[in-house]
Amino acid sequence: MADDRGSSPLAPDSAYSDASIYVDAVAAPRVVARLQNALGLVEDDGAELTVGPLRVEGEHNDYATGRHAHPFDFIQWPTVLECEAPEGTPDEVVQAVTVVLEALWRGGFKAVATCDFEDELPARGGIDRYPHPSSVSGASAASSGSWWRNLMPPGKRKG
């Protein structure tokens, strides 16, 4: 059976309809402005921009602790880019999130995407760029799966 994941539009409850990108930067409007400039976008919607089928809105992360968080504690980074894809195909959404992540990384930002399709993104959404330290039992970060999901309070993620 052929994989036709990218050929049909998104359903409202699709695993590809949203993503969050955590950024280790204090000012969400500055992150969005730098991202807008890096991508050559001419729109000026303040803390919101559009990349392909993706609407990206920069916000203060309510889970930020106010202290400098280690890279593997990205859930506590001060800025979160909330990404919604009300239309497009899964392939288009993956490509748009990839474009945003790579632009952030090229701009010197530490950024990690959390979504149901992070394994389809470069560096697994960025998590491979900031490896989790080995646990006491010696398990590697790769074998521990999506360890960050355990850090998120219930209700933050859909599904």
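## A buried pair of rings

Trp-77 and Tyr-130 are both buried, where buried means under 20% relative accessible area, exposed over 50% and partly exposed in between, using a 1.4 Å probe and protein chains only. Before going on, note that this is a predicted model: local features need pLDDT of at least 70, side-chain atom pairs count only at pLDDT 80 or more, and totals for chains, interfaces and linings use all residues. Residues are numbered from 1 along each chain as its sequence is written, and side-chain values use heavy atoms, with hydrogens and water left out.

Back to our two rings. Trp-77 and Tyr-130 make an edge-to-face aromatic pair, 5.7 Å centre to centre with 85° between the planes. (Rings of Phe, Tyr and Trp, the last by its six-membered ring, pair if their centres lie within 6.5 Å; planes under 30 degrees apart count as stacked, over 60 as edge-to-face and the rest as tilted.) Trp-77 sits in the loop between β3 and β4 while Tyr-130 is in the segment after β5, so this pair ties together parts that are 53 residues apart in sequence. Ring pairs also bring in Tyr-22 and Phe-74, giving a cluster with Trp-77 and Tyr-130.

## Another ring pair

The structure holds 4 aromatic pairs. One of them is stacked: Tyr-16 and Phe-117, 5.0 Å centre to centre and 20° between the planes. Tyr-16 comes from the segment before β1 and Phe-117 from the segment after β5, so here the linked parts are 101 residues apart in sequence. Both Tyr-16 and Phe-117 are buried.

## The sheet

Now for the strands. (Strands are DSSP runs of E with at least two residues, helices are runs of H or I with at least four, and both are numbered from the N terminus.) Five of them build an open sheet in the order β2-β3-β4-β1-β5, with antiparallel pairing; two strands pair if DSSP finds at least two bridges between them. The edge strands are β2 and β5 (111–114), each pairing on one side only. From one strand to the next, the twist averages 25°.

Look at Ser-20: its bridge partner in β5 is Thr-114, and it stands opposite Glu-82 in β4. There are 4 bridges between β1 and β5, and 6 between β1 and β4. β3 and β4 also pair over 6 bridges, with Gly-58 opposite Leu-81 in β4.

## Helix α1

Helix α1 covers residues 28–38, and its buried residues are Ala-28, Val-31, Val-32, Leu-35 and Gln-36. Seen down the axis, they fall within an arc of 130°, so they line one face of the helix; the arc is that of the directions from the helix axis to the C-beta atoms. On the other side, Pro-29, Asn-37 and Ala-38 are exposed. What covers the buried face? The cover includes β1 (18–23), β2 (48–51), β3 (54–60), β4 (79–84) and α2 (90–106). Just after α1, Gly-40 takes a positive phi of about 70°.

## A closer look at Thr-79

Thr-79 belongs to strand β4. It is buried, with a relative accessible area of 0%. Leaving aside neighbours within four places in sequence, the residues in contact with Thr-79 (heavy atoms within 4.5 Å) include Ile-21, Val-23, Ala-28, Val-31 and Glu-59. A polar atom of the Thr-79 side chain lies 2.6 Å from the backbone oxygen of Ala-25.

Definitions and conventions: Axes are lines fitted to C-alpha atoms, for helices over the stretch in contact, and angles run from 0 to 180 degrees between N-to-C directions. A polar contact is a pair of N or O atoms within 3.5 Å; within protein, one must be able to donate a hydrogen and the other to accept it, and residues adjacent in sequence count only if both atoms are side-chain atoms.
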